[in-house]
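Here is a short briefing to read with the model open beside you. Take a look at the structure first, and then we can walk through it together.

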Amino acid sequence: MFWYILATIFMIFLGIGIFLKPTLMWNLTERWKSYRADEPSNLYLISTKFGGILIASIGLILTILLLVVK
């Protein structure tokens, strides 16, 4: 039970962090792959923000399910 709660809280904060700082995510994961790119593309920013919303909402849904089932 403890790990379930910890995982859902982690998912919520990770999703919010990805949504608020997609450029940091690009710097950590994609920047090293290109020697010419100075910043992420608009498509990357939009898709990363969408992924952050999706991760945070899944974490929130799992937290609500924990409260409902219990």
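Let's begin with Met 25, which is partly exposed, with a relative accessible area of 31%. Please keep in mind that this is a predicted model. Met 25 sits in helix 2, and the protein around it has three helices and zero strands.

**Around Met 25**

- Leaving aside residues up to four places away in sequence, Met 25 touches Ile 18, Glu 30, Tyr 44 and Thr 48.
- Because partly exposed covers the range between under 20% (buried) and over 50% (exposed), the 31% of Met 25 falls in that middle class.
- Ala 37 is 12 residues away from Met 25 along the chain, and the C-alpha atoms of the two are separated by 14 Å.

- You will find Thr 48 in helix 3.
- Thr 48 has a relative accessible area of 10%, so this residue is buried.
- Beyond the residues up to four places away in sequence, Thr 48 touches Ile 18, Pro 22 and Met 25.
- A polar atom of the Thr 48 side chain lies 2.7 Å from the backbone oxygen of Tyr 44.
- Tyr 44 is also among the residues that Met 25 touches.

**Helix 1 and its two sides**

- Helix 1 spans residues 2-20, which makes 19 residues.
- From its first C-alpha to its last, helix 1 reaches 27 Å, close to the 27 Å expected at 1.5 Å a residue.
- Which residues of helix 1 are buried? They are Thr 8, Ile 12, Gly 15 and Ile 18.
- Why do these buried residues lie on the same side of helix 1? They do so because they cover an arc of only 140 degrees around the axis.
- The buried residues of helix 1 pack against helix 2 (22-29) and helix 3 (42-69).
- One of those buried residues, Ile 18, is touched by Met 25 and by Thr 48.
- Turn to the other side of helix 1, and you will see Phe 2, Trp 3, Phe 10, Phe 13 and Leu 20, which are exposed.

**Thr 8, a buried residue of helix 1**

- Thr 8 belongs to helix 1, and its relative accessibility is 3%, so it counts as buried.
- Not counting residues up to four places away in sequence, Thr 8 touches Gly 59, Leu 62 and Thr 63.
- The side chain of Thr 8 has a polar atom 2.8 Å from the backbone oxygen of Ile 5.

**The protein as a whole**

- Read from the N terminus on, the elements run α-α-α.
- Along the principal axes, the C-alpha atoms fill a box of roughly 50 × 20 × 15 Å.
- The radius of gyration is 15 Å, whereas a compact globule of 70 residues would have one near 11 Å.
- Of the 70 residues, 19% count as buried, with Thr 8 and Thr 48 among them.
- The protein exposes about 5600 Å², and carbon and sulfur atoms supply 75% of that area.
- Taking contacts between residues at least 6 apart in sequence, 69% join residues at least 24 apart.

Note on methods: Residues are numbered from 1 along each chain as its sequence is written. This is a predicted model: local features need pLDDT of at least 70, side-chain atom pairs count only at pLDDT 80 or more; totals for chains, interfaces and linings use all residues. Side-chain values use heavy atoms; hydrogens and water are left out. Helices (H or I, at least four residues) and strands (E, at least two) are DSSP runs, numbered from the N terminus. The expected span of a helix is 1.5 Å times one less than its number of residues. Buried means under 20% relative accessible area, exposed over 50%, partly exposed in between (1.4 Å probe, protein chains only). The arc is that of the directions from the helix axis to the C-beta atoms. Contact means heavy atoms within 4.5 Å. A polar contact is a pair of N or O atoms within 3.5 Å; within protein, one must be able to donate a hydrogen and the other to accept it, and residues adjacent in sequence count only if both atoms are side-chain atoms. The radius of gyration is taken over C-alpha atoms; the globule rule is 2.2 Å times the number of residues to the power 0.38. Accessible areas come from the Shrake-Rupley method with a 1.4 Å probe; for residues, only the protein chains shown count as cover.
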